Amino acid sequence: QSSRPANRKDQNDKKPGSLRARLALTTALATIAFGYAGRIAYAGVCTTGGGGVFSCTGDLDAGTDVTQVLSGGPGALTVTTDAGPPVFGIDTYVSGGNALTMTANGGLTFTDNNSSTIIGSDRAISATNNSSGDLSITTTGALSTDTGDGINVRNDGSTTANLIVSAASVDGGGAGIRTLSTGTGYTSVTATGTVEGGSDTGITVSTGSLVTDVTVSAADVTGATNGINAGNNGSGFLDITATGLVTATTNRGINALNSATGTDITVSAASVTGGATGILVSNKGAGATSITATGTVTGNTTAGIYAKNDVGTDITIEAVSVSGNTDGIFLSNDGTGTNSVTVTGTVTGGSGVAREGIDTRGGAATVSTVTLNSGAAVSAASGTAILNDEGIANVTVNSGAGVTGAINLGDGADSITFK
């Protein structure tokens with residue numbers, strides 16, 4: 001009788017194209033090959049010659065693999081994987097626990113340039129760096145888990161430095177990738193493949209007040225709650241780039257937050273869907289906010305795109321097609337800069353009170369510019385296509401663009417130009 005617990009992967013494991021099905025076939029073929037050659041297959045294991053340096057070797061074996069607990073002791077930890085043959089792999093799906101648990105007190109580096117498969121019942125990679133130094137994780141293979149995060153890393157302590165994650169495909173039962181840094185350096189998260197959070201966020205990035213800049217670069221991201229959730233509580237900028245499809249089941253596709261000590265927020269995305277908001281950006285810092293979306297952005301229960309500056313400068317939004325259950329595009333600027341919205345596709349808002357296709361807000365001196373280029377079509381089920389409050393609004397409808405519904409620009413020296 002199988003010792004595998006019932007879990008979220010049971011049904012997917014039966015699919016011929018699933019990761020576990022492919023691994024099972026690979027393992028079976030390897031067993032035949034090794035048996036024919038008179039060799040004995042061995043499990044993935046990490047060993048050290050001392051000094052906090054580990055090498056991980058051996059093919060994955062779900063029947064015998066156990067959690068590898070790797071420590072740098074009072075100093076740094078350096079871990080690499082072996083190119084083989086066989087290429088290093090590990091699978092604790094049956095035995096339980098993390099695949100790799102790593103701790104250090106002066107810098108932690110894990111490098112896998114060999115496309116290793118790392119499977120954890122809980123986490124695939126769990127890494128904590130204390131005291132000082134950088135925390136750097138590089139993986140080029142497929143990572144997956146049953147219940148925990150695919151990658152969970154912490155730079156813990158005010159004297160630690162940079163946190164860097166570079167991954168390929170990550171499928172987490174909890175979050176896909178989760179990072180926390182309370183150090184003094186920057187945070188950088190890059191994922192070139194698909195990242196999935198089965199019961200949590202696809203990618204979540206958190207920082208303490210001493211961190212400087214935060215950069216997130218991803219392709220396709222899916223989360224049960226948020227797709228990408230990144231907050232910079234430090235002193236620098238927040239930059240999020242997503243070149244593929246970002247999807248959130250219940251909350252926000254992309255959620256970007258800067259604290260009062262932060263500066264600019266820049267979001268560059270393709271297609272984004274949120275169970276609530278498609279893209280939400282809240283900048284409490286002194287910088288500018290910029291959102292560019294080259295595909296379709298959808299907010300299923302609130303706004304398609306929502307942007308707010310508390311004390312910053314300009315808000316700039318460039319979008320193609322955006323739809324929201326409340327507003328299609330909403331921006332509010334309580335800072336010192338201007339608002340700018342440029343649209344080249346269809347923008348729709350919902351029905352009811354205070355629901356518009358495009359809604360721009362600011363102080364009495366705030367200048368809001370809305371430009372509809374060829375192919376743009378703005379409307380809302382409420383009947384109000386474009387709304388501005390007390391500031392100065394300049395709306396330009398270029399040839400090939402259209403507006404269905406009212407344009408209500410409120411107070412201020414406003415203008416509407418049709419070309």
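**Close-up views of a predicted model**

**View 1. Asn232, a residue with a relative accessible area of 0%, is buried.** In this predicted model, Asn232 belongs to strand 21, which covers residues 228-232. A polar atom of the Asn232 side chain lies 2.9 Å from the backbone oxygen of Thr212, and the side chain of Asn232 also reaches the backbone oxygen of Gly236, at 3.4 Å. When residues up to four places away in sequence are not counted, the residues that Asn232 touches include Thr207, Val211, Thr212, Asp213 and Val214, together with Phe237 and Leu238, and Leu257, Asn258 and Ser259.

**View 2. Strand 13 is joined to strand 10 and to strand 16.** Strand 10, made of residues 133-138, runs parallel to strand 13, made of residues 160-167, and five bridges join the two. Within this pairing, Gly133 stands opposite Thr160 of strand 13. Five bridges likewise connect strand 13 with strand 16, residues 187-191, and these two strands also run parallel. Here Ile164 is the residue that stands opposite Ser188 of strand 16. In a regular strand, side chains alternate between the two faces of the sheet.

**View 3. Tyr306 and Phe330 form the one aromatic pair that the structure holds.** The ring centres of Tyr306 and Phe330 are 5.0 Å apart and their planes stand at 15 degrees, so the pair is stacked. Because Tyr306 lies in strand 27 (residues 305-309) and Phe330 in strand 29 (residues 329-333), the pair ties together parts that are 24 residues apart in sequence. Phe330 counts as buried, at 12% relative accessibility, whereas Tyr306 is partly exposed, with a relative accessible area of 26%.

**View 4. Leu372 is a member of the largest nonpolar core, which has 78 residues.** Leu372 is one of the residues that touch the most other members of this core, and Met102, Ile137, Ile177, Ile279, Ile329 and Ile358 are listed with it. Leaving aside neighbours within four places in sequence, Leu372 is in contact with residues including Val343, Ile358, Val378 and Ile386, as well as Thr396, Val397, Asn398, Ala401, Gly402 and Val403.

**View 5. The protein as a whole has two helices and 37 strands.** Of its 419 residues, 50% count as buried, and the accessible surface of the protein comes to about 15600 Å², of which 54% belongs to carbon and sulfur atoms. Among the contacts in the protein with a separation of 6 or more, 68% are accounted for by residues 24 or more positions apart.

Technical notes. Residues are numbered from 1 along each chain as its sequence is written. This is a predicted model: local features need pLDDT of at least 70, side-chain atom pairs count only at pLDDT 80 or more; totals for chains, interfaces and linings use all residues. Side-chain values use heavy atoms; hydrogens and water are left out. Two strands pair if DSSP finds at least two bridges between them. Helices (H or I, at least four residues) and strands (E, at least two) are DSSP runs, numbered from the N terminus. Buried means under 20% relative accessible area, exposed over 50%, partly exposed in between (1.4 Å probe, protein chains only). A polar contact is a pair of N or O atoms within 3.5 Å; within protein, one must be able to donate a hydrogen and the other to accept it, and residues adjacent in sequence count only if both atoms are side-chain atoms. Contact means heavy atoms within 4.5 Å. Accessible areas come from the Shrake-Rupley method with a 1.4 Å probe; for residues, only the protein chains shown count as cover. A nonpolar core is a set of buried Ala, Val, Leu, Ile, Met, Phe, Trp, Tyr and Cys residues joined through side-chain atoms within 4.5 Å. Rings of Phe, Tyr and Trp (its six-membered ring) pair if their centres lie within 6.5 Å; planes under 30 degrees apart count as stacked, over 60 as edge-to-face and the rest as tilted.
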